[in-house]
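Colleague: I am new to this structure. Could we go through a few of its rings and strands?

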Amino acid sequence: MLEFRAYFKKTQTMKVLTEILNWSSLFGVTHLSEEEFSNKGSSLTLQDKGIDFVLSQPPQQYFLHSKFCRYHFFVKNDLDLLYVDNFHENDLGKMNIFFAQIANLNPFFGVACDSEEYDHRNRVVKIIGENKIESWVGRNPLNKLPGLYWKIMISKQMIESADLDMPALEERSQEVHLFGNSMSLLTFFSHPQEWKAHVKTLDSACLSIKNVFSRQEVLAETNEIDNVIKYITKMAKWKS
């Protein structure tokens, strides 16, 4: 399943929500629901409720549905997250138009990839005795670049704050697209479902390029730990 995540400063969140609610055509919100999956009994049309009503609620209150995808905000401690999924069309041409729309919102960082690729980059599962411990790791873009995926959107601000090696990142990518002089979209392979064919190459790149998070480092440092408390304590520095 294709997923997209975009991180924004908290001061941007309501402005971003307002922009999305005012989008028209394919990407425009048609209805909203408090449940993840809408149905006739639980969904409300944006036309009936109005943009002002939605903006009067917390940004995470509703799942926002369009003909193309579904939007949902998660309010975080540092950066707020716009999560986009349920893409109704597997049209990469329209996806590129969508990325241009998102770039206009000026995110700090964005990532588009298959859900399984995202798990491979940022999810760790450890079995200790009868305990199965699942952890999300390395996802905070304020610390490092969270990984290399199908596509990543990097702001000039992130490049500077994380001291990213853009020449090295661009060299590993298949395509670089610039949105003005403040946003770069890097594509590492042609189609999101092809990620397994490129996983070893990108695993290696995550390890070798500075300030890029590598799940492999986490696995290497925790592989020998067989005590639950010690493991949880060790994992705290990567959890996100």
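Colleague: Is Tyr-149 buried or exposed?
Modeller: This is a predicted model, and in it the relative accessibility of Tyr-149 is 0%. Buried means under 20%. Tyr-149 therefore counts as buried.

Colleague: How many aromatic pairs are there, and how is the pair of Phe-27 and Phe-68 classed?
Modeller: The count comes to 15 aromatic pairs. For Phe-27 and Phe-68 the ring centres are 5.0 Å apart and the planes stand at 85 degrees. Planes over 60 degrees apart count as edge-to-face, so the pair of Phe-27 and Phe-68 is edge-to-face.

Colleague: How many residues apart in sequence are the parts that Phe-27 and Phe-68 tie together?
Modeller: Both Phe-27 and Phe-68 are buried. Phe-27 lies in the loop between helix 1 and strand 2, and Phe-68 in the loop between strand 4 and strand 5. The pair therefore ties together parts whose separation in sequence is 41 residues.

Colleague: Which residue lies over the face of Tyr-118?
Modeller: Tyr-118 belongs to helix 5 and is buried, at a relative accessible area of 2%. At 3.6 Å from its ring centre, the residue over the face of Tyr-118 is Arg-5.

Notes. Residues are numbered from 1 along each chain as its sequence is written. This is a predicted model: local features need pLDDT of at least 70, side-chain atom pairs count only at pLDDT 80 or more; totals for chains, interfaces and linings use all residues. Side-chain values use heavy atoms; hydrogens and water are left out. Rings of Phe, Tyr and Trp (its six-membered ring) pair if their centres lie within 6.5 Å; planes under 30 degrees apart count as stacked, over 60 as edge-to-face and the rest as tilted. Helices (H or I, at least four residues) and strands (E, at least two) are DSSP runs, numbered from the N terminus. Buried means under 20% relative accessible area, exposed over 50%, partly exposed in between (1.4 Å probe, protein chains only). A charge sits over a ring if NZ of Lys or CZ of Arg is within 6 Å of the ring centre and within 35 degrees of the ring normal.
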